Amino acid sequence: RCCLEVAADEYDEWIIPDPVYSIGQKVWIVTPDLPPDDWQEKRIFGIELYAPRWQHGSLMAEPVWYYGVKALTGQGETKWLTQEQITQHPQACDFESDHF
């Protein structure tokens with residue numbers, strides 16, 4: 001598994017892994033206040049690395065992957081969500097943890 005290095009200068013040391021999900025995968029939008037049976041199934045139609053930089057070029061914060069999800073048919077508006085906001089296995093989500 002290769003990693004992507006995002007660096008603007010010698011002081012930026014962010015190394016981020018490849019995206020967890022890929023285009024075409026089916027996922028569910030994680031909605032902590034609803035039971036997993038009521039979550040909406042979507043499909044990933046885009047992946048984008050968000051790595052904001054200061055004017056002088058160094059990174060503002062750790063880069064984050066965003067996933068563009070739509071209805072399974074590809075219709076409707078794209079929602080851009082982080083890895084924590086979607087899951088491939090809704091039954092595996094643990095809302096008792098500090099993750100949410």
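This dialogue discusses how to read selected features of a predicted protein model.

Reader: Which conventions apply to the numbering and to the values?

Author: Residues are numbered from 1 along each chain as its sequence is written, and side-chain values use heavy atoms, with hydrogens and water left out. The model is predicted: local features need pLDDT of at least 70 and side-chain atom pairs count only at pLDDT 80 or more, whereas totals for chains, interfaces and linings use all residues.

Reader: How many helices and strands are there in the protein?

Author: Helices (H or I, at least four residues) and strands (E, at least two) are DSSP runs, numbered from the N terminus. Here the protein has zero helices and seven strands, and its pattern along the sequence reads β-β-β-β-β-β-β.

Reader: What percentage of the residues of the protein count as buried?

Author: Buried means under 20% relative accessible area, exposed over 50%, and partly exposed in between (1.4 Å probe, protein chains only). Of the 100 residues of this protein, 27% count as buried. Accessible areas come from the Shrake-Rupley method with a 1.4 Å probe, and for residues only the protein chains shown count as cover. The protein exposes about 6,900 Å², of which carbon and sulfur atoms supply 49%.

Reader: Which residues make up the largest nonpolar core?

Author: A nonpolar core is a set of buried Ala, Val, Leu, Ile, Met, Phe, Trp, Tyr and Cys residues joined through side-chain atoms within 4.5 Å. In this model the largest such core has ten residues: I16, Y21, V27, I29, I44, W65, Y67, V69, L81 and I86. Strands β3 (26-29) and β5 (64-70) each supply at least two residues of this core, and β5 contributes the largest share, three residues.

Reader: Where is V27 found, and which residues does V27 touch?

Author: Contact means heavy atoms within 4.5 Å. V27 is found in strand β3 and, not counting residues up to four places away in sequence, touches Y21, Q40, E41, K42, I44, V69, I86 and T87. V27 counts as buried because its relative accessible area is 0%. The C-alpha atoms of V27 and Q88, 61 residues apart in sequence, are 4.7 Å apart in space. For the protein, residues 24 or more positions apart account for 48% of the contacts with a separation of 6 or more.

Reader: What is the nearest side chain of opposite charge to K42?

Author: Lys and Arg count as positive and Asp and Glu as negative, while His and the chain ends are not counted. A salt bridge is a side-chain nitrogen of Lys or Arg within 4 Å of a carboxyl oxygen of Asp or Glu. K42, in strand β4 (residues 41-50), is buried yet has no salt bridge, and the nearest side chain of opposite charge, E41, is 10 Å away.

Reader: With which side chain does the side chain of K42 make a polar contact?

Author: A polar contact is a pair of N or O atoms within 3.5 Å; within protein, one must be able to donate a hydrogen and the other to accept it, and residues adjacent in sequence count only if both atoms are side-chain atoms. The partner of the K42 side chain is the side chain of Q40, at 3.2 Å. In strand β7 (residues 86-87), the side chain of T87 reaches the backbone nitrogen of H89 at 3.2 Å.

Reader: Is D37 buried or exposed?

Author: D37 lies in the loop between β3 and β4 and counts as exposed because its relative accessibility is 72%. V30 also lies in the loop between β3 and β4, but V30 counts as buried, at 10% relative accessibility.
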